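Me: I have a protein model to study for my course. Could you take me through it step by step?

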Amino acid sequence: MNRILQDKFLSLWSKHFDSAQLPICLFYSDDASNESLLRHVKGRMCLIGQLANAYRGDDIAFTGDTIGCFGGKRFLGFSQALMPNFEHFLSCGIPGQMEGERYKKSPELVREFAQNAPVEAAPAKYAVFKRWDRLAEEDCPEVVIFFAPPDVLSGLFTLAAFDECDRNSVIAPFGAGCASIVQYPLLEGKSAEPRAVLGMFDVTARPSVSPQTLSFAVPVSKFERMIFNMDESFLTTDSWTKIKQRIVSSQHS
């Protein structure tokens, strides 16, 4: 990670967002030292829940064997498999065998949705998550991920559109919580005009975050532009000062 850029964001984040939660970053690596960052899990556990400690400053890495849910393995690129009877799981279930989540109206609709869903293979052995301030010089983040309340999100959302005329510089595609912070922003990072991804609308994953929290994930190429735009944007106006005061108050309430 470029130290100058890293320190610049830390300074500007403190200036404009005060003590709001820092983002975590995702990158892939084949460095065997990441083996010490693996946290084995027993049984089923949402990937979002597994990431909780990363926001507290604990570095964490994953392989396909240390992820507690089918979705997390798929969206991090460690498996292309769907869970058995996925089309029923996401829709109406199977009477006497499986309770459906009822996120889609029918199994047929789920099958079509899954058939058209992107599938990406992990480019390295480890998927690593570190908080922005803990990135090492050799780390190369691909996605920057915020878990934030509405006032902070309003700043990120507006900043993402600051240097673009596209009304859809931030998107909110349907998907699992982990898809919105990993798969979709990784795909956006391959685009000539990458967009940020608003997420955590996944009802099943929401118990893993606080009630006032959504996610905002940005390909690093776009995020670098956002950093350099901060000091000439609305963040310097009286309108933002009012929001910043609420952010400060909420941190101490």
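The conversation below goes from the whole protein to single residues.

Me: What kind of model is this, and how are residues numbered?

Reply: This is a predicted model, in which local features need pLDDT of at least 70, side-chain atom pairs count only at pLDDT 80 or more, and totals for chains, interfaces and linings use all residues. Residues are numbered from 1 along each chain as its sequence is written, and side-chain values use heavy atoms, with hydrogens and water left out.

Me: How many helices and strands are there?

Reply: The protein has 9 helices and 9 strands. These are DSSP runs numbered from the N terminus, with at least four residues (H or I) for a helix and at least two (E) for a strand.

Me: What about the overall dimensions?

Reply: The C-alpha trace spans about 60 × 40 × 40 Å along its principal axes.

Me: How much of it is buried?

Reply: Of the 253 residues, 47% count as buried. Buried means under 20% relative accessible area, exposed means over 50%, and partly exposed lies in between (1.4 Å probe, protein chains only).

Me: Let us turn to H5. Which of its residues are buried?

Reply: Helix H5 covers residues 107–115, and Pro107, Val110 and Ala114 are buried there. They cover an arc of only 55 degrees around the axis, which puts them on the same side of H5. The arc is that of the directions from the helix axis to the C-beta atoms.

Me: Why would residues spaced like that point the same way?

Reply: An α-helix has 3.6 residues a turn, so residues three or four places apart point the same way.

Me: What do the buried residues of H5 pack against?

Reply: They pack against helix H3 (70–75) and helix H4 (86–89).

Me: Where is Ser91, and what does it touch?

Reply: Ser91 lies in the loop between H4 and strand S3 (93–94). Ser91 is buried, with a relative accessible area of 1%. Not counting residues up to four places away in sequence, Ser91 touches several residues, including Pro107 and Val110 of H5 as well as Arg102.

Me: Is Arg102 buried or exposed?

Reply: Arg102 is exposed, with a relative accessible area of 61%. Arg102 lies in the loop between strand S4 (98–99) and H5, and has a positive phi of about 60 degrees although it is not a glycine.

Me: New topic: what surrounds Gly199?

Reply: Gly199 lies in strand S8 (residues 196–199) and is buried, with a relative accessible area of 2%. Leaving out residues up to four places away in sequence, Gly199 touches Ser180, Leu214 and Ser215. The C-alpha atoms of Gly199 and Pro173 are separated by 7.8 Å, although these residues are 26 apart along the chain.

Note on methods. Contact means heavy atoms within 4.5 Å.
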